[in-house]
Amino acid sequence: YNNIGLIYLNQKKFDLAENYFNESLKIRKAYKDNLGVCNSYNNLGTLAFNQKNFPKAKAYFLQSIELGKKFGLKKNLLYAYENFVSMAKQEKNTTDELKYFKLYVQYSDSIMNENNIREQTQDEMQYDFDQKIAAEKLIDQKKALKIKHEKHKQNLITWAITVVAVL
């Protein structure tokens, strides 16, 4: 329902978009899908914003922020603050625009830092894994070389015995 609502929102068919967003919200609440509920509130806020109904948009964005903070949904908070920045800009409210922009940047930096830490951890794990594989490969090569050396030694002994037996 949510994606269909987004399509109607993009087509500026606001009544249809609202119906689908509300249906999506109802379903997400029933399943206790907090992330989905936040998305639905953000989408309903965006819809109200596009209709120039700023008080209604603000109410939806605030609901999204409240839920986002409660459940630590940083990306949803980022989107909600971004929407507040757009709304404050539209209303020519530079004080709110700056206030929400700072919050937007704070969450953006936080998400970026988490992503950087995650990537660094993945890189370190990959490096450790590669080192382990390289060490195992080196051990296997040493074993193969030792086996080859033992075969060569046995061949020499066999040849030596054969030469002594022939003489």
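**View 1. Helix α6 from end to end.** Helix α6 runs over residues 94-166 and has 73 residues, where a helix is a DSSP run of H or I with at least four residues, numbered from the N terminus. The expected span of a helix is 1.5 Å times one less than its number of residues, so α6 should span 108 Å, and this agrees with the 105 Å between its end C-alpha atoms. The model is a predicted one, in which local features need pLDDT of at least 70 and side-chain atom pairs count only at pLDDT 80 or more, while totals for chains, interfaces and linings use all residues. Residues are numbered from 1 along each chain as its sequence is written, and side-chain values use heavy atoms, with hydrogens and water left out.

**View 2. The buried residues of α6.** Tyr100, Tyr107 and Ile111 of α6 are buried, a term for residues under 20% relative accessible area, with exposed meaning over 50% and partly exposed in between (1.4 Å probe, protein chains only). The buried residues of α6 pack against α4 (54-71) and α5 (74-90).

**View 3. The largest nonpolar core.** A nonpolar core is a set of buried Ala, Val, Leu, Ile, Met, Phe, Trp, Tyr and Cys residues joined through side-chain atoms within 4.5 Å. The largest one has 16 residues, of which Ala57, Ile65, Tyr81, Phe84 and Met87 touch the most other members. Two or more residues come from each of α3 (34-50), α4, α5 and α6, and α5 gives the most, with 7 residues. When neighbours within four places in sequence are left aside, Ala57 is in contact (heavy atoms within 4.5 Å) with Gly45, Ala48, Phe49 and Met87. Apart from this core lies another, of 13 residues, which include Leu25, Leu44, Leu47 and Tyr60.

**View 4. Ser40 and its surroundings.** Ser40, which lies in helix α3, counts as buried because its relative accessibility is 1%. Its side chain is joined to that of Ser24 by a polar contact of 3.4 Å, that is, a pair of N or O atoms within 3.5 Å, of which, within protein, one must be able to donate a hydrogen and the other to accept it, and residues adjacent in sequence count only if both atoms are side-chain atoms.

**View 5. Two loop lysines.** Lys32 is placed in the loop between α2 (14-30) and α3, and although it is not a glycine, it has a positive phi of about 55 degrees. Lys32 is exposed, because its relative accessible area is 69%. Lys92, in the loop between α5 and α6, has a positive phi near 60 degrees and is likewise a residue other than glycine.
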